[in-house]
Amino acid sequence: IYITLNEEEGHNKVIKESLETVWTIGYWVSFVICWIILPILTSYYDSCEMTFKRKVWEAVKINLIYSLIGLGVLVVLIAVYYFVKKYAGNGEIQGKVFWEFLMAIASAWGLVQIVLFLSNGIIDVPRDLWRRGDNNRRLKVVCCKLRQRQEVIEDDKMEMEECIKKLQAIE
């Protein structure tokens with residue numbers, strides 16, 4: 001920290017550049033892990049699909065929907081920003097102000113997610129523990145999920161039988 005805060009030129013310049021490279025790599029690695037890999041892995045784990053391919057597809061689909069909602073919110077906020085700058089301001093959109101606005105939106109988005117996830121955890125964790133203690137309720141939930149999976153299996157069986165009939169017809 002001292003080296004990065006020290007403004008001297010010379011031998012510290014190489015160290016500063018290497019620290020900047022390390023921080024940049026660390027930032028982007030954590031960004032990809034937090035926004036792409038972990039959400040997909042979490043959705044994959046929560047998926048009730050039977051095959052690897054279907055689990056991955058469901059996880060990607062869920063996270064794509066989530067990302068598109070976030071992108072939609074961002075587009076609306078940027079449109080509001082342009083509208084306000086055009087009609088309420090001096091009409092010029094300055095680059096620095098625009099990036100500050102985007103950083104404020106990103107911070108607000110992160111804070112909203114933290115509030116939603118923390119409040120969700122404060123309520124859902126005790127509720128989940130309470131529900132896990134009720135074996136009759138758990139049995140009903142498992143039976144419901146089993147029925148849904150059974151329908152998918154039946155559809156797959158019918159599809160497989162159709163494929164077998166087509167193959168037999170070819171022979």
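## What counts as a pocket

On a 1 Å grid over the protein atoms alone, a pocket is an open set of points where a 1.4 Å probe fits, with protein on both sides within 12 Å along at least five of seven lines, and its lining residues have an atom within 4 Å of a point. This is a predicted model, in which local features need pLDDT of at least 70 and side-chain atom pairs count only at pLDDT 80 or more, while totals for chains, interfaces and linings use all residues. Residues are numbered from 1 along each chain as its sequence is written, and side-chain values use heavy atoms, with hydrogens and water left out.

## The largest pocket

The largest pocket has a volume of about 770 Å³, a volume being the space filled by probe spheres set on the grid points, which are joined across faces, edges and corners. Its lining comprises 22 residues, and those nearest its centre are Phe31, Trp35, Gly70, Leu74 and Trp109. Two or more lining residues come from each of α2 (11–46), α3 (52–87) and α4 (95–132), helices being DSSP runs of H or I with at least four residues, numbered from the N terminus. The most is given by α3, with ten residues.

By class, this lining divides into 19 nonpolar, three polar and no charged residues, where Ala, Val, Leu, Ile, Met, Phe, Trp, Tyr, Cys and Pro count as nonpolar, Asp, Glu, Lys and Arg as charged, and the others, Gly among them, as polar.

## The second largest pocket

The second largest pocket, with a volume of about 350 Å³, is lined by Asp128, Arg131, Arg132, Arg137, Arg138, Val141, Val142 and Lys145. Here α4 and α5 (135–170) each give two or more residues, and α5 gives the most, with five. The lining of this pocket divides into two nonpolar, no polar and six charged residues.
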